[in-house]
Amino acid sequence: MSSKDNTPSSAGRQDGGDMSDSSEDSKQGAVVVKSRAVVKYCAAPPACSYAVLQEQTDLKLPPANWLRESQLGPAGASVLGSSSKTKPFSSFGMAYDFIDCIGDGVDVVSDSENIKKLLKIPYSKSHVSLAVHRVGRTLLLDELDVQELFMRSSQTGDWTWLKEFYQRLIDQKWQRKKKSKEHWYQKAILSKFLYYSINGNGAAEPVSDTEEAEEDCGKVEDCGLSWPATFNSSASHCGEHTSSKEEGPGFSFALADVAVASDVASAPKEQNLPTLFDEGESSQGLKNDFVRNIMWTFEDIHMLVGSNMPIFGGGRYPAVSLRLRDNNKPINILTGMDYWLDNLMCNVPELVMCFHVNGIVQKYEMIKTEDIPDLENSTFSTRVVKDIAQNILSFLKSNCTKEGHTYWLFKASGSDIVKLYDLTTLCEEATEEKCQNPFTLPVAVLLYRVASNMMLKNQNRKHYGTIRTLLLNCVKLLDEERHPQMMASANYMLAELFQLDEEGVACEEGGGGSEDSYSEEEEDEEEEEEEEAVGGAPDDSKAIAVIKSVGELSVPEKYTSTNNMRSSSVLPVSQDKEERCRHVLNYVLKGLQVVDSSIKREGELPAADPHTPIPLKYTHTPVPQSTSTADSQTNVSKLLDTGSGVEVRRVTRSGMAVGSWQHRLKMQLFLKASRAFYVLADAANNLLKYGRALRYVKLALQCHDAYCSISSCLSPRVLLFHSQCLCLCGDLQLMLAHNSAHRPAHLEEYLYQTQDDQELLHCLHRESSCQAFSVATDLSGDCEYQLLVSSKCYEAAHELLTSEALMSGPLAEVAEQQGAHTCKRLGNIRNELGVFYMNQAATLQTEKEGRRGVCVAEQDVWKRSFSCFEKGLQDFTAIRDPANAALLLCNMGRLMRICAQAHSQSDEPAHREFSPEEALYYNKAVDYYTRALSVLGTRGSHATVWDSVNWELSTTYFTLATLLQDHAPLSRKAQEQVEREVTEAMLKSLRFCDLDTPSPRQPLYQYRAATIHHRLASMYHSCYRNQVGSEVARKQHRLEAELHYSQASALFLSLGHAPCELLRTLLERVAFIQFTTSGQSSPAVKLKTLTGALEVMCDTHHAFSRIHKELQVAPLEDASSDDSAPELNREEVMRLIGVFEPSLSFLLLQLIKLSSKRKSSGQDEESVCVYRQVYSSLLRAEKEAPLVERIALYLQLLEQLTGNTSTHTKE
């Protein structure tokens, strides 16, 4: 039976909580010692009552249940304990089981016996030999039995260097000490006493030869201390030796070991310990050897302690410890401290001692735990024990500072000097080939487990430096050839440390049972060691720290340690993204190289063929004639099930077995490298280093290709990441196409390679050719090729994101969001391609050089462009993006206009008419622009896009009307129909001219509206001039012409920067007014009409004023002039002046004639006088005068006319 946290306390608790939160109050000095114990794990059943033996019971006679497992009862095996010594790696077994406590939560992890040895140092003359290891702030203490070690050295030669060092500096006459017969006799008595105590009714049985039993007990003792093998020794040697001892008839303690081990095997584990390596390699057979593990807080020291002390309970006494004492031997300080510390650690409130004389039971005595320090002949100060504990801990923490190093705390028998050696440094200084440290592998495993546990528990970046330090120290301890799996796993964890954006690799839980042991031999060892000669202790320069006298440990705060000393050795984790990725790739490369080297070594070993019988010595072995491919694969593959022996794993290109640890690690390393390169590519893209970014994304896709080649199926997360790589590749190809001017610089960055990149590619090529995505990352094509590659990348990414594997998996929501973004990119690149082909079509038009007709190349480019626009429109419609859909429709309208322009060049300019093909394409353009506006809905949602589409639609209508007006298709249509179509198109264009909304295009809209009114006025003017017949129609045309002339004049006047257009409009309007007088017969009406014409003529003063100003500042190149105003066309000004002078002269002459014929008032005479003066000035004007002077004259004359006209108008 196995249970957790159920050791009984003084209150009878079995719930696994605090065993005690009490404090011991020592009567001597009234010093309060704070002690608190919590059971973390217990393999023992609930405590059972002990049997009180009758007086005169002879313990030399064996009980009936002695050495018989079936008669032990349900609790016998768990409470007996064992006489075997604790294994040298007992602290590692506890650390593996309670990995959460290691690092910061616990100060010391050790066997309770080692703790007691340390605390008894000032009182004991016995030797102390402990191995010390540091993991974070935790110290692991293990017994280092140099006698057992040197016995092993004499057989294997592994520890010759340490043996020589020991003999040279510590004990020059070293020899193995044998246990006395009295030692074995006392152990036999204790064993029989415990069996009696479990079953008090057991009758004694005669034993033929007690000495034989004692001898057997000695054999069990010798086998109990199992020293694990070094790196180059067989790890199963000692295990086989121990098991062989347990199988045969032996002493009772060996039997107890087997029983409790079976109990612990069924006990529930407390934690799942993450590992990336097999349990066989990670544990090295190290298990938790204790019946119970206790978290003991002694003062401010937190210790994880292993104990095998038998605990009895029941009735009045829920928890007591049972001890056997020789009544002839008084209890000394060491024994009292031993009992007191055991009860404190296990929180046992009472101690029961059975006294005997020569094996005959005399009496029982019960002592409270707090009274033990005050026993007669065993008085000690609890305050001194507290000071000893604090001083020893401070001494060790201050000097055992290097993680991964093995320290040796040694005190010779009878000596007062305690020395601390760094065995790792001594081992490195040794010259022998077989120089090995058996602690190296367990320490490395523990460092790895603590680091991985911290990573799983603490995602806070402040812990990353500590984790990195643990992993780097782990890597330093490992030998790549002997432990490739752990080395590669540690490198992967280091890489994972820098980029924790994915789930960790699921690992198997580390198993581990325990064997219980109970030792009651402290006094025997003490007595024996007092008889030994004190070893010499010459001046030792090899010791890194020395306690010159054990008496110093009793001085309060003699030794102090700095609590934050750990922080100085923590390696920081870089915050820079690129540097972090470089670290990731460095560790990935190291991990891959380790895996590849292990595959090579395993591939060199021949594997058994399950179809070939194993040849025996007396059989004939046929020589194989040939080796097939399947056979060669079999030679490097591993079995899926080691028990079946027939199922062979499939192998990869490099000979790696699928499902093996190499295969699992390689997949993770490939994926990690791919992600690191992706991050580097994204960072380079943000820095506009597109060539470098394309190189990184190429490496990322090559790593992904290698991952796919060894992976049987791709998880949704991998598919999602692959789509991101393809999207980034598409982005880069698009940007490279836009930055073709800097192509040489980008190409140089693209072709650059580091040494690490080359080595990583070598590792990738062992599994794949890495050519699956070579087209996507090619930089050798032109701009069109790069746009096409970008489009293909987006298409592939979108196909992945919309695949069933992603849309039906747990990442469906993320895939849907990224799918929308990718679809938008796909629509954008198709728009880019469409624009590219559309620009090619425009270029082909400019390169015709007088050729007529539309060539096949132009039509092909149109089709490509239209196809791209159409697909892009579908993409934006699918994701409901109205703005971009409207822009695609706008580009399609522009393409239609280019097609129309191509057809307009097919006719001769002299005989050109507006063709049906032009009308068709312009109408299609209008349809696309109209669809774009309907997609947008209103201006408020996308004002910029709306204004752009609105302008293009107005432009299309205006161009259509202008072409119809200038190149009327009179061969196919009547004049009236053409005029109707022109008017309709002009009015539609005018309707889309937004004159009210302030925007950058408002001046353009005003100019276009003025131009439209001017053109309509000119058309109606022409119709009125040429119209014959219906007076109603002529009158309508006259009204329309007057209306549009006045509106055009007003708009041109408001613009201010179109003086020529204003002047032309006014002159045409004057001509129109003059033409209307031809149908007037009344002189008075004519005079009134011509006076109105003169007023319009006077309005030209604004135009001339603007022209005069521009002519004055143009030679001076005045910087303050309006840069946005169009440059003044002097030729146009000269032509308009040529119209202006005759028109004004004729108008003045007609007014003078009409005014002279009628009876006029004084006011009329003044006007006529002004008309004559102006007319005379015009006639005398110098025709060859400079333009500026002529315009200045016009301004002067117009000012005279303006004053006279305004006065006449008021009258």
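Which residue in β6 is the bridge partner of A131? The bridge partner of A131 in β6 is D142. The points below place this pairing in its setting and then turn to the rest of the chain.

1. **Basis of the note.** The structure is a predicted model, in which local features need pLDDT of at least 70 and side-chain atom pairs count only at pLDDT 80 or more, while totals for chains, interfaces and linings use all residues. Residues are numbered from 1 along each chain as its sequence is written, and side-chain values use heavy atoms, with hydrogens and water left out.

2. **The chain overall.** The secondary structure comes to 40 helices and 15 strands. Helices (H or I, at least four residues) and strands (E, at least two) are DSSP runs, numbered from the N terminus. Of the 1211 residues in the chain, 53% are buried; buried means under 20% relative accessible area, exposed over 50%, and partly exposed in between (1.4 Å probe, protein chains only). Among contacts (heavy atoms within 4.5 Å) between residues at least 6 apart in sequence, 77% join residues at least 24 apart.

3. Strand β6 covers residues 138–143, and six of its six residues are buried. T138, L140 and D142 point one way from β6, whereas L139, L141 and E143 point the other way. Two strands pair if DSSP finds at least two bridges between them. Strand β5 (residues 128–135) runs antiparallel to β6 and is joined to β6 by six bridges. Strand β4 (residues 108–111) runs parallel to β6, with three bridges; here S110 has L141 as its bridge partner in β6. The hairpin of β5 and β6 has two residues between the strands, and G136 takes a positive phi near 65° in this hairpin.

4. **The loop residue L53.** L53 is placed in the loop between β3 (32–42) and α1 (76–80). L53 counts as buried because its relative accessibility is 9%. Leaving out residues up to four places away in sequence, L53 touches L59, F193, Y196, V361 and Y364. L53 and Q362 are 309 residues apart in sequence and 9.3 Å apart in space, C-alpha to C-alpha.

5. **Nonpolar cores.** A nonpolar core is a set of buried Ala, Val, Leu, Ile, Met, Phe, Trp, Tyr and Cys residues joined through side-chain atoms within 4.5 Å. The largest such core has 131 residues, of which W408, L446, F677 and L760 touch the most other members. Helix α20 (residues 661–686) gives the most to this core, with 14 residues. F677 touches L585, Y696, L699, A700, C703, D757 and L760, not counting residues up to four places away in sequence. Apart from this core lies another, of 117 residues, with I829, C890, L1062 and V1168 among them.

6. **Helix α14.** Helix α14 (residues 440–457) has 18 residues and reaches 26 Å from its first C-alpha to its last, close to the 26 Å expected at 1.5 Å a residue. The expected span is 1.5 Å times one less than the number of residues in the helix. Of the 18 residues of α14, 16 are buried.

7. **Aromatic pairs.** The structure holds 22 aromatic pairs. Rings of Phe, Tyr and Trp (its six-membered ring) pair if their centres lie within 6.5 Å; planes under 30 degrees apart count as stacked, over 60 as edge-to-face and the rest as tilted. The pair of W296 and F298 is tilted, because the planes stand at 35°, with the ring centres 5.0 Å apart. Both W296 and F298 are buried. F914 and Y922 form a stacked pair, at 6.3 Å centre to centre and 25° between the planes. F914 is buried, with a relative accessible area of 2%, and Y922 is buried, with 3%.

8. **An aromatic cluster with charges over rings.** Y1024, Y1045, F1072 and F1075 form one aromatic cluster. A charge sits over a ring if NZ of Lys or CZ of Arg is within 6 Å of the ring centre and within 35 degrees of the ring normal. R1025 lies over the face of F1075, at 4.7 Å from the ring centre, and R1034 lies over the face of Y1024, at 4.4 Å from the ring centre.

9. **Residue N950.** N950 is placed in helix α31 (residues 943–966). At 9% relative accessibility, N950 counts as buried. Leaving aside neighbours within four places in sequence, N950 is in contact with L933, F992 and Y1005.
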